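This report describes selected features of a predicted model. The interface between the chains is treated before individual sites.

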Amino acid sequence: MPDDALLLAAIGIPFAGAVAAGLLPTNARNAAAWLASGVTLGCFLLLWVFYPTVSAGGVLRHEIAWMPSLGLNFVVRLDGFAWAFAALVSGIGFLVVLYARYYMSSEDPVPRFFAFLLAFMGSMTGLVLSGNLIQLAFFWELTSLFSFLLIGYWHHTAAAREGARMALTITATGGLALFTGLLIVGHIVGSYDLDIVLDAGDRIREHALYLPALILILLGALTKSAQFPFHFWLPHAMAAPTPVSAYLHSATLVKAGVFLMARLWPVMAGTDAWFWIVGSAGLITLILGAYIAIFQQDLKGLLAYSTISHLGLITLLLGLNSEHAMVAAIFHTLNHATFKASLFMAAGIIDHETGTRDIRRLSGLNRSMPFTGRLAIVAAAAMAGVPLLNGFLSKEMFFAEALEVSVPLPSMHIVLPLAATLASAFSVAYSLRFIHGAFFGPDPTDLPRTPHEPPGWMRFPVEILVLICMAVGMLPAATIGPYLDMAVRSVLGAETPEYSLAVWHGFNQPLLMSLLALAGGVGLYLALQRYLQTGPEGPPLLRNLKGQRIFERALVFLSWRLARTLERLLGTRRLQPQLRLLVGVTLVAALFPLILRGIGPALPRPTPVDPPLVLVWVVGIACAIGAAWQAKFHRLASLIMLGGAGLVTCVTFVWFSAPDLALTQLLVEVVTTVLLLLGVRWLPKRLVDLRLDATGPGIAPRVRRGRDFLLALGAGCGLSALAYAVMMRPFPDSISRHFLERSYNEGGGTNVVNVILVDFRGFDTMGEITVVAVVALTVFALLRRFRPAPDSVDVPEQQRDQTRLDGVQPGSQPDGAVADWLLVPATIMRMLFPVIGVVAVYLLLRGHDMPGGGFVAGLTMSVAIILQYMASGTRWVEDHLRVHPLRWIGMGLLLAGGTGVAAWVFERPFLTSYFAYEELPVIGKVPTASALIFDLGVFSLVFGATVLILIALAHQSIRSHRAAPPPARSLGLAGED
Amino acid sequence: MEILIALAIGVLGGSGVWLLLRPRTFQVIVGLSLLSYAVNLFIFSMGKMRTGVAPILQKGEAGSLIFYDDPLPQALVLTAIVIGFATTALFLVVMLASRGLTGTDHVDGRERDQ
């Protein structure tokens with residue numbers, strides 16, 4: 001059991017560390033570095049806890065139910081291969097963190113860097129420890145995402161942004177393909193569990209969907225591992241800080257593709273399709289990358305292409321469908337990680353200490369930084385495959401495979417060894433270039449900085465890595481042997497071949513090839529030296545063929561030209577055509593099933609009509625049509641008729657026994673009307689153009705109106721028909737019965753509607769009041785910055801008339817004309833205030849059993865406040881009464897949420913309402929429900945929100961009176977100041 | 001009875017859609033209000049609409065649809081009414097702000113090119 005927790009910790013700790021590092025202040029450089037190195041080292045050491053089990057051939061598994069209904073479990077699975085990769089990820093992670101501490105400038109926000117790095121490491125660890133294909137795809141995408149953030153860390157430079165974007169576009173697109181491929185594999189096998197999948201190799205290879213799955217999965221792996229033709233993102237990712245390059249391009253990101261191919265090797269490989277796709281991608285990449293690397297002028301660019309080439313080598317090995325090649329692939333993966341990380345770090349040191357990475361400018365650094373020079377020479381020699389270093393061993397294995405492997409095409413027996421020797425010679429040439437260009441030759445002139453040795457601790461990670469290169473190179477069986485064996489065995493199982501890790505195999509063909517390559521590489525470098533020193537950037541022949549340019553063209557075409565053209569052809573920014581389209585499509589969509597299926601069984605006869613209701617609706621229909629008719633030129637009339645239609649709706653609710661609805665509708669009608677009235681003042685004047693009226697509108701508007709009228713008519717008829725058809729049908733057995741039966745017994749209320757709102761569906765209500773609160777706050781925020789249109793700024797005509805009257809009448813005071821306006825109603829309204837307040841409280845308290853409740857009560861209370869504003873004016877009210885709408889809103893949310901949370905205290909689900917009959921001595925059984933507190937929250941929130949909206953709008957009229965900018969007390973009554 | 005309610009829903013909805021397609025923001029806001037009446041009535045009509053049935057239970061009783069009103073559509077419509085008010089307010093304020101910024105009350109923020 002503790003093993004399970006530790007397994008989870010191996011993935012969880014880096015993420016936790018990332019969050020912690022992200023929370024550190026931006027200048028906490030040392031704290032972040034300590035944290036990150038602690039986490040990485042901790043993870044590395046943690047892996048040793050599992051080593052005894054894993055090295056004995058065991059597989060550690062821990063499952064957590066993730067989506068059991070879909071058969072998806074979160075499986076942490078650790079075998080030898082995963083262990084080796086995880087150790088690589090955390091071990092090199094630690095060294096990179098150490099290096100980054102000295103590399104990163106104090107001006108950079110270093111905690112963010114370490115946070116990304118740790119999160120990336122967590123994703124990478126999660127990827128290698130995945131025991132489930134979906135989970136693997138998830139962590140795969142996470143690595144893409146965090147590598148994007150890492151590459152774009154210096155986001156102020158365009159190169160970093162573009163490099164990051166390109167890396168993300170390519171690897172995440174590949175990730176999507178991979179995901180699809182894994183889904184297909186899961187479909188074939190019937191499970192996403194890695195262990196089950198690994199046992200189903202024959203079934204997968206024989207399935208009809210094998211090829212699509214293979215292609216999709218390889219798209220993911222080859223994009224991630226920067227294989228031709230997707231290799232071009234990797235050099236652009238060099239815009240990242242060097243520690244990132246050292247980490248991503250040696251041990252982690254690009255190795256994820258290799259890891260995946262090796263992981264699925266037992267079940268996907270072994271076919272011709274695998275050989276041709278993986279093998280040829282690897283072969284082309286191997287040679288192309290090495291060739292381009294020779295001609296790079298940037299140290300990191302050289303290493304980038306060399307990385308591409310070495311990944312090509314590993315991919316080629318994986319593609320050969322041979323167990324021996326598999327051993328070589330895993331071995332070279334480990335070797336490449338060590339020497340490439342150290343070389344990237346060395347390049348970073350050179351850049352850090354001299355200020356440039358241009359090989360043409362660098363020279364003779366061996367004298368100023370001798371120690372770094374030695375380290376770099378050893379690492380580069382390992383990269384070139386010089387004997388007694390680790391690169392040599394895996395390269396020999398590769399040569400041996402190139403000579404011996406059985407291939408589908410006989411001519412490959414000639415091609416493979418030739419290509420291997422050629423690529424190796426290229427590799428010698430660029431390694432020489434790296435070393436000779438930077439460290440030898442005359443003293444450098446005109447460098448941005450005077451070169452000197454870096455701080456000892458910055459060099460330390462390089463020393464460790466170079467030491468490993470040498471130890472593995474000289475004593476392979478004693479050093480890497482057990483780990484390699486463990487990794488290979490966990491992939492190949494019983495089919496693990498015999499292989500020898502000796503340094504000396506006698507004078508054989510592979511050694512001859514090595515010597516040839518060494519000599520050829522040296523010769524090539526000597527021949528090219530002059531050209532390289534003076535020549536332009538980039539390799540001859542291929543200089544103008546840039547994958548990245550094609551990629552960018554494609555992107556520009558897709559995301560810009562094509563999108564623009566489609567938008568121009570099919571889109572519009574105008575609202576009316578969009579809405580027209582929407583209504584039209586809805587009509588068609590509704591008509592379609594009707595035509596297809598017909599109206600269905602014959603409808604029964606409708607029930608007779610109540611004449612009074614008909615009368616009411618004659619008014620209602622007239623109001624609706626009138627409102628539509630007058631909305632353009634007579635807003636007030638339209639508004640009044642809108643209210644009329646609303647009142648008729650309200651009457652309908654009463655008619656059909658829905659008192660709660662009627663109450664709510666009535667009150668909302670009142671506040672909506674006040675709201676719109678307040679808004680109308682800011683709209684432009686619109687007078688009937690008499691000139692136009694005489695001639696009538698032009699043809700185009702007539703056509704438009706005719707079309708809209710037809711649409712509206714269609715929508716209206718459709719709605720009628722639909723409503724009629726539904727009402728005439730027998731009613732299905734809905735959950736209403738359930739609510740009716742339980743409302744009193746379980747919810748403790750006789751008003752079923754209210755019990756549904758505050759109890760059965762309390763969570764919905766909570767969501768709804770939250771929306772209301774958000775809307776109110778948005779309205780408030782929008783109005784704080786409200787600038788009316790110039791022609792609405794002036795005081796309205798009617799008010800100007802009043803002011804003029806003030807001056808005309810003798811003895812009148814300012815505002816005298818309106819001083820006694822509505823004196824009697826105003827007095828009554830003031831006196832009504834407490835009465836309405838009491839009514840609101842009454843409605844609230846009885847809501848559970850009688851029509852009423854929080855919504856109604858809140859609206860009633862806000863009507864009480866609005867009445868005061870209307871009767872006495874804003875200033876008077878605010879001098880006498882201070883409502884704090886924001887506090888009401890906050891309190892409402894807290895009360896409603898608090899009632900929900902309180903259920904947790906009693907170990908019940910969120911918002912479980914408490915209800916009981918309390919036995920009181922005299923009164924007897926009294927129902928008490930916690931839902932009442934919830935309803936109080938609803939009340940408080942609805943009241944606060946309504947008042948906030950209306951008052952904020954009403955305040956605009958006062959603000960505009962003042963010529964000066966509004967004072968701080970913008971919403972004094974709200975108490976915000 | 002059903003014919004009347006269906007007709008009412010149709011007229012409210014049709015008027016609403018007509019206004020929705022008009023170019024002035026005020027027309028659209030009135031249209032949306034009319035449309036929301038129509039939709040609320042429509043949802044309400046999904047329950048058994050009957051006159052003279054009790055909406056409130058007797059104490060201690062488990063109600064049934066034979067004697068009581070259908071509470072479910074009512075609960076849905078009740079919150080819809082309140083949310084409708086809030087969104088109307090939001091639309092109004094956005095419309096005013098847009099008018100302040102662009103100087104026009106056209107729904108597109110600029111007058112149609114004639």
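## Interface between chain B and chain A

In this predicted model, chain B and chain A bury about 8800 Å² between them, and carbon and sulfur atoms account for 77% of that area. Of the area that chain B buries against chain A, 9% comes from Met1(B), Phe26(B) and Phe85(B), more than from any other three residues. In terms of contacts, 86 residues of chain B meet 108 residues of chain A.

Polar interactions also link the two chains. There are 13 residue pairs in polar contact between chain B and chain A, counting pairs in which both residues have pLDDT 80 or more. The side of chain B that touches chain A draws at least two residues from each of α1 (2-20), α2 (25-45) and α3 (71-102) of chain B. The greatest contribution to this side is that of α3(B), with 24 residues. By residue class, the side of chain B that touches chain A comprises 53 nonpolar, 20 polar and 13 charged residues.

Three salt bridges are counted between chain B and chain A. Arg22(B) forms a salt bridge with Asp708(A), and the closest N and O atoms of this pair are 2.1 Å apart.

## The loop between α9 and α10 of chain A

The loop between α9 (210-224) and α10 (233-236) of chain A contains Pro229(A). The peptide bond leading from Phe228(A) to Pro229(A) is cis, with omega near 5°.

Ala226(A) is placed in the loop between α9 and α10 of chain A as well. Although Ala226(A) is not a glycine, its phi is positive, at about 55°. Ala226(A) counts as buried because its relative accessibility is 0%, which is under the 20% limit for that class.

Leu388(A) is another residue with a positive phi that is not a glycine; the angle is about 75°. Leu388(A) lies in the loop between α18 (370-384) and α19 (390-404) of chain A. With a relative accessible area of 45%, Leu388(A) is classed as partly exposed.

Helix α28 of chain A covers residues 635-655, 21 residues in all. From its first C-alpha to its last, α28(A) reaches 30 Å, close to the 30 Å expected at 1.5 Å a residue.

Is Arg77(A) buried or exposed? Arg77(A) is placed in strand β2 of chain A, residues 72-78. Because its relative accessibility is 5%, Arg77(A) counts as buried.

The side chain of Arg77(A) takes part in two polar contacts described here. One is made with the side chain of Asp79(A), at 3.1 Å. Another, at 2.8 Å, joins the side chains of Arg77(A) and Asp195(A).

Leaving aside residues up to four places away in sequence, Arg77(A) touches Val59(A), Leu60(A), Arg61(A), Ala82(A), Val128(A), Leu129(A), Ser130(A), Gly131(A), Leu194(A), Asp195(A), Leu198(A) and Arg263(A).

Note on methods. Residues numbered from 1 in each chain as written. Chains lettered and ligands numbered in written order. Predicted model: local features only at pLDDT ≥ 70, side-chain atom pairs only at ≥ 80, totals over all residues. Heavy atoms only, no water. Helix = DSSP H or I, 4+ residues; strand = E, 2+ residues; numbered from the N terminus. Expected span 1.5 Å × (residues − 1). Contact = heavy atoms within 4.5 Å. Buried area = accessible area lost by both parts, 1.4 Å probe. Salt bridge = Lys/Arg side-chain N within 4 Å of Asp/Glu carboxyl O. Polar contact = N/O pair within 3.5 Å; in protein donor to acceptor, adjacent residues only side chain to side chain. Nonpolar A, V, L, I, M, F, W, Y, C, P; charged D, E, K, R; others polar. Buried < 20%, exposed > 50% of the residue type's maximum accessible area, 1.4 Å probe, protein only.
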